[in-house]
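We will take a short tour of charged pairs, one selection at a time.

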Amino acid sequence: MLKWVLRFFYLMIIMVATVYVYGSANYSRLEAYYAEYMNDYVDDEATYLEGINTLMNIDYHQENPAYTYVATSDTHKFTLSIYAIGVTLDDTLYDGMMIFINDVDITEDGTPVENPKLKIEVTLSDNTYLSGEEKVNTATVLHDPEKPFPYSYVPALFLLYADNYLQIPQEEGSTDPISYAMVEQISIAYSNGETDEDGALVYNDTLLFIGAASELADAAYNKLSTLTIDNATLQVSENFAGNQPTDDEMTTFGLNANRGDLTEFNSVIFRTMAIYVLIVLALTYVLFFHKMVMDKVRSRRMDGTNQNKPKVEEAIFKDIEYPKEDGK
């Protein structure tokens with residue numbers, strides 16, 4: 001009985017490991033795609049955003065951003081763009097926004113900062129963004145251009161008009177219209193790569209950017225006190241005749257659904273899974289079949305030895321020695 005229990009647990013471990021290995025292999029495929037078609041194109045919006053459609057499984061993004069801000073500082077430059085996007089989750093199309101940062105060019109004391117690390121943080125009007133097991137009013141993304149995707153996120157933050165993102169929770173049974181949190185503030189901090197004694201990145205005390213709809217006291221190289229994001233402007237699907245945009249609607253609203261071809265990198269998955277299968281087969285053989293096979297091999301060797309060993313035939317006639325009596 002114990003043997004079958006152990007076999008069951010072994011099978012369960014193999015199934016879990018298979019899911020994990022396949023997921024890791026798929027991440028490696030995404031990493032290969034990012035390195036080939038995105039890593040050097042972050043400042044080429046058309047190319048990079050097509051890659052984001054591919055990696056992030058986004059249905060479309062609006063080609064022309066709804067909002068654009070170009071930094072005014074001579075030493076701390078970047079471009080912030082906010083695009084309307086559409087994402088399908090559980091067969092339902094949701095509107096959303098993509099806050100995208102590129103064209104980053106930072107100079108400190110006359111020296112350019114190579115590959116600055118960015119922390120993009122958005123403050124919402126309500127606690128709607130799921131972080132861990134609770135809903136909070138801040139969403140944060142960290143981007144390190146020296147790390148490959150997905151070990152570092154793209155320089156963008158995504159918010160959907162859906163539960164766990166922007167949708168304000170309602171009491172069960174409520175018939176009130178669904179409402180959404182507003183973006184109240186966007187801030188961008190940067191690091192030149194320095195770390196503290198615990199290995200955590202140290203961000204500059206002065207923000208790269210902060211924007212809101214009011215005057216701000218925070219220190220920043222770039223400030224915008226007139227940042228107002230209208231949710232209705234980004235909810236493009238409200239204009240669709242059906243649940244999904246038609247080709248004509250894609251053109252009318254300037255939507256871009258272009259995606260790259262990930263099948264070009266399927267060999268990464270095939271190679272990883274082939275190695276994994278060989279390891280599983282070898283491990284299964286050692287644990288469950290090796291002893292059985294060796295016993296059979298030893299048994300055959302013993303049979304072969306006994307067959308080749310010459311038989312000692314007893315004589316048909318042989319002298320019989322009788323015990324002698326004492327003194328005779």
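## A tour of the salt bridges

Start by selecting Asp144, a buried residue with a relative accessible area of 12%. Keep in mind that you are looking at a predicted model.

The side chains of Asp144 and Lys117 form a salt bridge, with 3.8 Å from N to O. Lys117 sits in strand β6 (residues 117-124), while Asp144 belongs to the loop between β9 (138-143) and β10 (156-160), so this contact ties together parts that are 27 residues apart in sequence. Is Lys117 buried or exposed? With a relative accessibility of 6%, Lys117 counts as buried.

Next, select Glu146. The Glu146 side chain also meets Lys117 in a salt bridge, at 2.6 Å from N to O. Glu146 lies in the loop between β9 and β10 and Lys117 in strand β6, so the pair joins parts 29 residues apart in sequence. Colour Glu146 by accessibility and you will find an exposed residue, at 52% relative accessible area. Show the three residues together: Lys117, Asp144 and Glu146 are linked in a network of salt bridges.

For the last stop, move to Lys135 and Asp163, whose side chains meet in a salt bridge of 2.8 Å, N to O. This pair links distant parts of the chain, 28 residues apart: Lys135 is in strand β8 (residues 134-136), and Asp163 is in the loop between β10 and β11 (183-191). Lys135 is partly exposed at 27% relative accessible area, and Asp163 is partly exposed at 41%.

How many salt bridges does a search of the whole structure find? It finds 3.

Definitions and conventions
Residues are numbered from 1 along each chain as its sequence is written. This is a predicted model: local features need pLDDT of at least 70, side-chain atom pairs count only at pLDDT 80 or more; totals for chains, interfaces and linings use all residues. Side-chain values use heavy atoms; hydrogens and water are left out. A salt bridge is a side-chain nitrogen of Lys or Arg within 4 Å of a carboxyl oxygen of Asp or Glu. Helices (H or I, at least four residues) and strands (E, at least two) are DSSP runs, numbered from the N terminus. Buried means under 20% relative accessible area, exposed over 50%, partly exposed in between (1.4 Å probe, protein chains only).
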